[in-house]
Amino acid sequence: MKPEWWPGEDHELFTEWAIAQGIVVNGVNPARFPGRGLGMIATRAIEEGEAIVTVPLRTMFTPNSIPSSFSSKFPDGTPVHALYAAFFTNGDPENLKHYEPWRKTWPSLKDFEDGMPILWPSYLRGSKTSVDSSSEQTFLPPSISGSWSSIQKGKSEFHYETTHQNLLSQQESRLRDAWDAVVAVFPKTDWETFSYHWLIVNTRSFFFLMPGEEAPEDRNDAMALLPFADYFNHSDVACNVKFNGLNYIFRATKHYDEGEEIYMSYGPHPNDFLLTEYGFFLDHNESETLYLDDIIFRDLSKTLQEELEFEQYYGNYQLTAEGVCYRTEIAACIKYMAVEDWRNYTLGYSTKNFDAAKSEAIIREWIKTYANEADTVIASLEKAGSQEADLKGSDKVKALLKRWTQIKTLCDQALQTVSC
């Protein structure tokens, strides 16, 4: 008799295939969790620090796994992500046959369409329907969409690096660049098939760098796929995963009882990043962060933004349940301090004309602006969910409502920590 968590025949056959390839599976098994899909389960009691999955280099899917007859068709500098997706889309069927047991366990395109905002219809990702004369309706959080419903976002006068904002446009750009690189070599490539494989790679890859190698400029070029290890779901757990050049070793981060789901950390990412890149987000996320950049830039002239940029306090203004980061505090006091006083304050020379109460009042208004955005979008989503036939009972709408409720709660918690 099969256990309740039995994942299905394809997953059972793949597990046998993985072990035959040399992957060491110790006390764990893929499992199906009702309402949550697939994950990894403990099949016995497991002690903290115990090696539970070991994936040898020879079984990993790396650039060396792609036949040179295929990879040589592409120019130097082609993104690794694009090469992987191209191979699974256009590779020789005889070469792909080896991976068939693994590929049968991958999520379907429908699975991605349910969870990945990049595949959602335009009316959920954003529309041109104006809420007022200066803004447009959008249902996705600003960190994902780069848009706001209740305000006109401020203009960023200077370029700066950010890994957790404008997420959807960055993801779409990576996919489009990969597509352009592949159709230049395989003009008849099917868009739907290629984008599906691109998302497979995007959601199932692990950081891969041989010992002694320098990290590439683009972290996405240091990736590998690890059969069987890709069953692990993400949670806020201490990460105990190491690659020693021969094996990728996954160790238990705590004691697990038989039947308990085992998680691994994908990294310290906010929920908006997790939703965009992986199609899920956590109920409780220790790395949860919102960004106030668009709100703050509305309040600052080009001259003041230039001062922030010069002093290296430009952008990435973080809001958590505990309050705001120091960069945000620095941006607040530039609003009322004379520039010379502000410079001396940032350098630690003087506190002349710094007023904590003024800074706190400014910061509270910024947080309230974000909280009002949450209220505005929640109301719009509830209205759309009740009036639009194709949105009634939609899991996408439910997910967005849940995410925006999290955002509103975080803003309310942060406001309690900022006293005037």
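## Surroundings of F297

Neighbours within four places in sequence aside, F297 is in contact with G154, K155, S156, Y160, Q305, Y314, G315 and Y317, where contact means heavy atoms within 4.5 Å. This is a predicted model, in which local features need pLDDT of at least 70 and side-chain atom pairs count only at pLDDT 80 or more, while totals for chains, interfaces and linings use all residues. Residues are numbered from 1 along each chain as its sequence is written, and side-chain values use heavy atoms, with hydrogens and water left out.

F297 lies in helix α12, residues 293-298. Helices here are DSSP runs of H or I with at least four residues, strands are runs of E with at least two, and both are numbered from the N terminus. F297 counts as buried because its relative accessibility is 3%; buried means under 20% relative accessible area, exposed over 50%, and partly exposed in between, with a 1.4 Å probe and protein chains only. Between the C-alpha atoms of F297 and Y99, which are 198 residues apart along the chain, the separation is 49 Å.

## Surroundings of H197

Helix α10, residues 191-204, holds H197. With a relative accessible area of 4%, H197 is buried. Not counting residues up to four places away in sequence, H197 touches A85, F88, T89, R103 and W106.

## Packing of α13 and α15

Helix α13 (residues 302-310) packs with helix α15 (residues 339-346) at an angle of about 20 degrees, and their axes are 12 Å apart. Axes are lines fitted to C-alpha atoms, for helices over the stretch in contact, and angles run from 0 to 180 degrees between N-to-C directions. The angle therefore makes α13 roughly parallel to α15; the classes are roughly parallel under 35 degrees, roughly antiparallel over 145, roughly perpendicular from 65 to 115, and oblique for the rest.

On the α13 side the contact is made by L304, E307 and L308, and on the α15 side by V339, W342 and R343. Sorted by class, the contact has four nonpolar, no polar and two charged residues. Nonpolar covers Ala, Val, Leu, Ile, Met, Phe, Trp, Tyr, Cys and Pro, charged covers Asp, Glu, Lys and Arg, and the others, Gly among them, count as polar.

## Cysteines

The disulfide count is zero, a disulfide being a pair of cysteine sulfur atoms within 2.5 Å. For C325, the closest cysteine sulfur is that of C333, at 12 Å, which is too far for a bond. C325 counts as buried at 18% relative accessibility, and C333 is buried with a relative accessible area of 0%.
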